[in-house]
Amino acid sequence: MPTPRVAAIHDLSGFGRCSLTIVSPVLSAMGVQCCPVPTAYLSTHTGGFAGNTFLDLTDQMGPVTAHWRAEGVTFDAVYTGFMSSCEQMARTADLIQTFRRPGCQVIVDPVMGDHGRPYRTCTPDICRAMGELAPLADVVTPNRTEAALLLGMDYEDVRLDREANCRRWCEALSLEGRRSVALTGVSLTADTAGAACFDRETGQVEFVSAPLVPESFHGTGDLFASVLTGALVRGRSLAEAAELAAAFVSQCASRTKEAGTPHREGVDFEPLLWRLGQQMEENPCRS
Ligand code: PXL
């Protein structure tokens, strides 16, 4: 079976694990080839560090798309994350339209904010553009803040502690069942955290959960969406992929908490990566 291949459109931040420094190692560990399209190079991510450098690589995105198309490259998924301008989202939409075909899943992580607040770089224009990019997705992976932004609702009103509410938000985010949704930050009991998954193939919402680690590290959303993407292209169903992702995020957060790693440095996932490889080996692709 050929190694699945993913075009990963994210920034590259040198320090403070997030985006491509999570996406690339996670996909590789899962037996998936990562083909990065770095949207920008930053010295650090923008949360918890002041004065990060920023080299915009948006101008490369069109030529990279054209070159790959000319070479006849195909992908099993296009996976997008943090965006720093509306222009980047337009180029991302072009890349998606270029490589979309049967068998290529489009996963949009609509990275915009956390804990009820948009990230510092996420202007209203960027949020609006993300709302226009997300309908191109086969699967979206918002957290509670991003769900509220996509739905145009107040954060406080998007509560994720009751099954019935989660079903309602998932269905609203699914655009009448046209796309699948993995809504993160769902906590149906005090000691668990996980996701509500609307699968457009079945029309059902399923819940997955893992032990809650009561601390918030940078990049857990990127880690969740990366594992989900890897598992999807390795043939897992949405709920199976989300289950694996929730469990891995929980294990890594627990380890990071024990290690006392500063929150802004992100989740200390590298020592646990082998587990993802093992999971894929034990339960090889069914597609
Ligand atoms: O983890 C999301 C993310 C990705 N990339 C950059 C960020 C953030 C969140 O702050 O700043 C550059």
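In the predicted model, Glu176 lies in the loop between α6 and β9, and its phi is positive, at about 60°, although the residue is not a glycine. With a relative accessibility of 75%, Glu176 counts as exposed, because the cut-off for that class is over 50%. Leu175 is placed in the loop between α6 (163–173) and β9 as well, and its phi, near 55°, is likewise a positive value in a residue other than glycine. Leu175 has a relative accessibility of 24% and therefore counts as partly exposed, a class that lies between the limits of 20% and 50%. Most residues other than glycine have a negative phi.

Strand β9, which spans residues 180–186, includes Val186. This valine is buried, since its relative accessible area is 3% and the limit for burial is under 20%. When neighbours within four places in sequence are left aside, the contacts of Val186 comprise Leu160, Cys166 and Phe207, together with Thr192, Ala193, Gly194, Ala195 and Ala196. A further distance places Val186 relative to Ser237: the two residues are 51 apart along the chain, and their C-alpha atoms are separated by 19 Å.

Helix α8, comprising residues 238–259, contains Thr256, for which the relative accessibility is 0%, so that this threonine counts as buried. The side chain of Thr256 reaches the backbone oxygen of Cys252 at a distance of 2.5 Å. Beyond the neighbours within four places in sequence, Thr256 is in contact with Phe217 and Thr261, and also with Gly266, Val267 and Asp268.

His45 is located in the loop between β2 (33–44) and β3 (54–56), and, with a relative accessibility of 3%, this loop residue counts as buried.

At the level of the whole chain, 9 helices and 11 strands are assigned. The radius of gyration is 17 Å, which agrees with the value near 19 Å that a compact globule of 287 residues would have. Along the principal axes, the C-alpha atoms fill a box of roughly 50 × 45 × 40 Å. Of the 287 residues, 51% count as buried, and Val186, Thr256 and His45 are each assigned to this class. Among contacts between residues at least 6 apart in sequence, 68% join residues that are at least 24 apart.

The accessible surface of the protein chain comes to about 12,400 Å², and carbon and sulfur atoms account for 50% of this area. The chain carries 24 positive and 34 negative side chains, and the centres of these two sets lie 1 Å apart.

Notes: Residues numbered from 1 in each chain as written. Predicted model: local features only at pLDDT ≥ 70, side-chain atom pairs only at ≥ 80, totals over all residues. Heavy atoms only, no water. Helix = DSSP H or I, 4+ residues; strand = E, 2+ residues; numbered from the N terminus. Rg over C-alpha atoms; globule rule 2.2 N^0.38 Å. Buried < 20%, exposed > 50% of the residue type's maximum accessible area, 1.4 Å probe, protein only. Contact = heavy atoms within 4.5 Å. Areas by Shrake-Rupley, 256 points an atom, 1.4 Å probe, with all protein chains shown as cover. Lys, Arg positive; Asp, Glu negative; His and termini not counted. Charge placed at Lys NZ, Arg CZ, Asp CG, Glu CD. Polar contact = N/O pair within 3.5 Å; in protein donor to acceptor, adjacent residues only side chain to side chain.
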